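Here's a walk through a multi-chain model, written for someone who would rather look at strands and helices than read a summary score. Keep the viewer open and follow along.

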Amino acid sequence: MANVKVLVAKPGLDGHDRGAKVVARALRDAGFEVIYTGIRLTPEQIAEAALQDDVNVVALSLLSGAHNTLFPTVVELLKAKGLEDVLVIGGGVIPDADIPGLKAAGIAEVFTPGTPTSNIVDFINANVK
Amino acid sequence: MAFEEIKAGLEKYTAGVEAKLDKAPERANLAPNRLYTPVDLGEGFDYVEKLGFPGEYPFTRGVQPTMYRGRFWTMRMYAGFSTAEESNKRYRYLLANGGSGLSCAFDLPTQIGYDSTDAMSEGEVGKVGVAIDSLADMEILFDGISLDKVSTSMTINAPASVLLAMYIAVAEKQGVSADKLRGTIQNDILKEYAARGTYIFPPAPSMRLITNIFEYCSKNVPLWNTISISGYHIREAGSTASQEIAFTIADGIAYVEAAIKAGLDVDAFAGRLSFFWNAHNNVLEEVAKFRASRRVWAKVMKERFGAKKAKSMMLRVHTQTAGSMLTAQQPNNNIVRVALQTAAAVMGGTQSLHTNSKDEALALPTTESVTIALRTQQIVAYESGLADTVDPLGGSYYVEALTDKIEAEAWEYIQKIDEIGGAPEAIAKGYIQKEIQDSAYKWQMDIEKGDRIIVGVNKFQQEEEPPTNLLRVDGSVGKLQADKIAALKARRDNAKVEETLAALEKACAGDDNLMPFILDAVRAYATEGEICGVMRKVFGEYKANITL
Amino acid sequence: MEIVSKLLDHSRLALSKAITAVENEYDDAVKIMTEIYPHTGNAYVIGITGPPGAGKSTLTDKLAKEYRKRGKTVGIVAIDPTSPYSGGAILGDRIRMMDLMADEGIFVRSMATRGSLGGLSQKAGDAVKLMDAFGMDVVIVETVGVGQSEVDIVKTADTTMVVVIPGMGDDIQAIKAGVLEIGDLFTINKADREGTDKLNIEIEMMLELNPEHVGWRPPINRTIASKGEGIEAVVDSIEAHKAYLIDTGRLAEIRKARIKNEVTAMLNDRVNRYIDKEVVSTDAFDALVVKMQNREIEPYSVVDDIVGKVLK
């Protein structure tokens with residue numbers, strides 16, 4: 001039996017973890033195995049944790065505005081570690097104008113404030129490899 | 001009418017209404033009763049004991065006798081982004097447009113004691129606030145602003161001592177002595193562990209830094225509010241109104257206990273403690289929360305700590321409208337939300353207020369949107385009539401009943417936290433975080449089930465164009481700050497820096513008050529990262545280990 | 001197999017994928033385990049258990065760092081319960097081990113119980129073997145709770161440590177029955193709290209009454225894991241226990257017993273699955289059940305009959 005494993009992580013220095021925690025619980029309640037790794041992580045820590053737990057999804061949350069730097073770095077490190085199939089999604093205070101750039105950098109989807117958690121669940125179910 | 005007659009009348013009314021209702025009302029899960037009467041206050045409602053007069057114990061109706069008939073609250077707009085130069089421009093603009101106090105937002109590296117050049121600062125420099133690396137940046141930040149004329153609030157916690165020292169040092173350069181300085185540092189580490197996340201050191205040395213500041217300021221910076229015990233972020237993290245004030249007052253109790261344990265007299269520092277509330281959407285619940293919080297704190301200080309001075313018992317509060325209630329959808333609606341939240345804070349009797357801008361669910365605010373937010377306060381102050389009389393909702397059956405209810409819920413939590421062993425222990429055990437998370441999760445699920453309506457989010461949605469004209473922080477700020485640090489290190493007296501840092505390190509290992517040592521290092525232009533680095537070396541770093 | 005040769009060549013990705021294969025019972029799992037088996041048996045396995053909130057993962061984090069200081073590489077298998085309601089889980093141990101992510105000499109794997117602690121015991125055992133084959137000197141298995149199934153998991157270790165904290169009230173009574181026998185050492189974590197001395201005495205008294213520990217008296221260490229205090233002494237105690245096991249020949253005995261247990265469990269599992277598939281799920285069996293219900297036949301001879309056929 002293969003369960004979907006999701007790593008929920010907050011890169012950078014932002015400590016606002018309400019959204020990350022709510023999403024983590026909603027994913028648990030949707031039947032996923034959620035590895036919750038907390039705040040203030042470097043992209044390297046996140047990528048290495050994703051490798052060790054062989055997760056299917058990495059869900060990043062960031063409200064400080066540093067997403068354009070940190071999200072793509074996580075994707076690059078995952079690839080460098082040979083994790084080509086991991087679905088990377090992001091959420092937080094992210095202006096619409098930044099979303100095309102993030103998608104080009106390998107972030108599969110970006111969820112902005114007001115997104116129901118069920119949308120995130122549906123997206124993962126539809127896109128997880 | 002006698003009490004029994006009112007009761008009988010209420011029963012008749014209720015029976016009549018129930019008989020006529022043939023279907024469940026749309027908002028069936030509302031918490032308040034349909035109607036409030038004197039019955040809800042109880043027969044023996046004691047005006048003097050429960051409410052008293054403004055400026056008098058238990059301060060339910062307000063902390064000053066005249067409230068806004070004396071002067072309006074301080075209109076204090078939280079601002080800061082990018083470099084000190086950019087932020088200085090915004091500060092001058094706000095002061096020129098009727099803002100009556102400054103409120104500094106620092107970027108995350110500054111809040112967590114890293115220089116802009118630290119690897120951990122990657123991508124974060126100048127993003128959520130202004131980047132301050134040394135006294136040199138602080139001098140630019142307050143350039144042209146006389147520090148004896150303005151009161152300044154700084155949202156800084158773990159390294160509060162360092163930023164306060166920088167402020168004092170800037171004042172010295174302006175020829176302003178420390179005893180003239182007015183303002184506030186947030187300095188509330190417990191809520192950082194519980195809800196906001198910008199901690200550096202473990203609890204014990206953090207509490208020492210806080211009591212060091214209390215002691216230093218009581219002697220040298222007497223007009224300074226040495227802490228802003230903050231419920232704002234607890235509420236933003238998802239708590240209820242009752243939890244917001246309960247957990248925050250429990251934190252307050254822990255600070256008072258720590259200061260008393262450090263040998264301070266309660267009346268010597270308690271008058272400089274201040275609070276920070278969130279103004280949320282439910283207007284009357286918020287008003288009741290403000291009123292209840294004053295009553296609880298007054299009792300805590302008088303009965304638990306034996307404070308003698310009235311000032312020590314007053315819960316003075318800064319307020320910010322709820323950032324988490326701003327929606328990214330139909331952002332103009334946020335102007336209305338902020339206006340209602342402003343009304344709540346004003347009817348609740350706040351001492352100062354920051355109003356959020358409509359675009360803050362999307363990015364940092366533009367000058368235009370900040371202006372609307374400031375004008376909102378001015379409209380409420382000058383046009384609405386809400387500020388014309390003290391505690392205008394005092395005596396409302398509903399608001400009084402709600403005030404009692406919130407107070408009772410707060411006491412229940414405070415008692416529970418006492419049983420656990422106080423707020424630091426309750427945070428270490430994850431109790432407070434868990435309560436907040438449960439409330440946050442319930443809130444989100446209520447929205448997803450449609451039990452709670454947020455206009456434009458889960459009802460009355462419409463197609464809209466992506467907003468334009470958002471403030472972007474230039475990605476080159478990190479580089480600019482790095483150049484500034486390099487130039488600073490080339491021109492300052494590095495031997496002096498080493499000497500002051502060595503002295504600080506020695507002091508950290510001992511028991512002395514650290515403020516004078518930090519001030520010396522700041523004056524020598526040691527960077528914030530260097531100063532906090534020394535403290536990290538001696539104190540170690542706090543690691544969050546609470547999961548959900 | 002490519003994945004096995006890569007694993008043996010220290011590919012962390014291959015190790016991770018191999019654990020996933022056994023965890024999810026992929027088709028190639030048995031083949032992977034078959035091929036790595038000759039490369040196992042070198043790691044020293046430490047089991048850590050104790051009640052929720054005892055600080056086991058913080059302690060594990062610190063023990064791993066101490067072992068690294070002593071030049072050892074460390075694998076960690078951290079087990080968290082699956083929610084019985086949704087089948088999902090929050091695996092929260094890693095949050096206390098994020099510091100370890102920068103160290104190539106450490107590999108942490110979180111596992112959910114997935115509602116089948118019995119099966120988990122084998123999967124966790126396989127994960128340990130994979131880390132062993134990868135070349136980890138020490139493998140720590142950490143599990144929450146003190147139920148029988150969790151006990152079964154840590155029981156497979158060479159050295160088993162029970163972590164307790166002061167102020168648990170009656171919990172100590174509840175855990176002592178199942179846990180006392182398996183503790184080769186005890187650690188009182190959060191030992192700056194009130195009640196530490198009392199707890200120490202209680203454990204001493206329980207050990208007095210227990211005849212199992214002839215020749216090895218389980219030491220009781222005190223730690224404040226969050227501050228890193230007392231960690232070296234715990235590692236010293238583990239090493240002392242290891243030396244005792246080697247000197248007395250006990251290590252070979254318990255490893256033999258472990259293999260016996262594992263193989264027995266594998267046999268049971270195989271037979272159960274066979275019976276489930278070939279017997280219980282058949283229409284013929286259903287018909288027999290109906291006959292038993294109508295009292296036309298009785299179950300005892302049916303069982304004799306089936307066992308006779310299955311185990312010819």
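This is a predicted model: local features need pLDDT of at least 70, side-chain atom pairs count only at pLDDT 80 or more; totals for chains, interfaces and linings use all residues.

Which residue of β3(C) is the bridge partner of A:I35? That would be C:L91. The two strands that cross the chain boundary here, β2 (residues 33-36) of chain A and β3(C), run parallel and are joined by three bridges. Within chain A, six bridges join β3(A) to β4 (residues 87-92), again running parallel. If you want a landmark for that pair, A:V57 stands opposite A:L87 in β4(A).

**Where chain C touches chain A**

On chain C, 27 residues are in contact with 27 residues of chain A. Three elements of chain C, namely α2 (12-23), β3 (89-91) and β4 (106-112), each supply at least two residues of the side that touches chain A. The largest share comes from α2(C), with six residues. By class, the side of chain C that touches chain A splits into 12 nonpolar, nine polar and six charged residues.

**The sheet of chain B**

Chain B has an open sheet too, this one with nine strands in the order β5-β4-β3-β2-β1-β9-β8-β7-β6 and with parallel pairing. Its edge strands are β5 (224-225) and β6 (227-230), each pairing on one side only. Further in, four bridges join β1(B) to β2 (residues 101-104) of chain B, and these strands run parallel. One bridge to look for has B:R76 with B:G101 of β2(B) as its partner. Helix α11 (residues 241-261) of chain B lies across β6 and β7 (273-279) of chain B, and runs at about 140° to β6(B).

**Domains**

How is chain B divided? The assignment gives domain 1 (59-446) and domain 2 (488-539). For chain C, it gives domain 1 (1-39), domain 2 (40-248) and domain 3 (265-310).

| Pair of domains | Separation of centres |
|---|---|
| Domain 1 of chain B and domain 2 of chain B | 28 Å |
| Domain 1 of chain C and domain 3 of chain C | 35 Å |

In chain B, 26 residues of domain 1 are in contact with 17 residues of domain 2. On the domain 1 side, α6 (135-141), α7 (160-174) and α9 (203-220) of chain B each supply at least two of the touching residues. That side of domain 1 has 17 nonpolar, five polar and four charged residues.

First up is a pair in chain B. The axes of α13 (residues 283-304) and α17 (residues 397-420) of chain B come within 8 Å and cross at roughly 55°, which makes α13(B) oblique to α17(B). The crossing of α13(B) and α17(B) is right-handed. Residues making the contact include B:L284, B:A288 and B:R295 of α13(B), and B:L402, B:I406 and B:W411 of α17(B). The contact divides into 11 nonpolar, one polar and five charged residues.

Now for chain C. The axes of α4 (residues 56-69) and α9 (residues 231-248) of chain C come within 10 Å and cross at roughly 70°, so α4(C) is roughly perpendicular to α9(C). From α4(C), the contact is made by C:K62, C:L63, C:E66 and C:Y67, and from α9(C) by C:I231, C:E232, C:V234 and C:V235. Five of these residues are nonpolar, none polar and three charged.

Two loops deserve a look. The peptide bond from B:Y57 to B:P58 is cis, with omega near 0°; B:P58 is found in the loop between α3 (47-50) and β1 (74-79) of chain B. Over in chain A, A:D54 has a positive phi of about 45° although it is not a glycine. A:D54 is placed in the loop between α2 (43-52) and β3 (57-62) of chain A.

Note on methods: Residues are numbered from 1 along each chain as its sequence is written. Chains are lettered from A and ligands numbered from 1 in the order in which they are written. Two residues are in contact if their C-beta atoms, placed from the backbone, lie within 7 Å. Ala, Val, Leu, Ile, Met, Phe, Trp, Tyr, Cys and Pro count as nonpolar, Asp, Glu, Lys and Arg as charged, and the others, Gly among them, as polar. Two strands pair if DSSP finds at least two bridges between them. Domain bounds come from an automatic or database domain assignment. Axes are lines fitted to C-alpha atoms, for helices over the stretch in contact, and angles run from 0 to 180 degrees between N-to-C directions. Angles under 35 degrees count as roughly parallel, over 145 as roughly antiparallel, 65 to 115 as roughly perpendicular and the rest as oblique. A crossing is left-handed if the near helix is turned anticlockwise from the far one by less than a right angle, and right-handed if clockwise.
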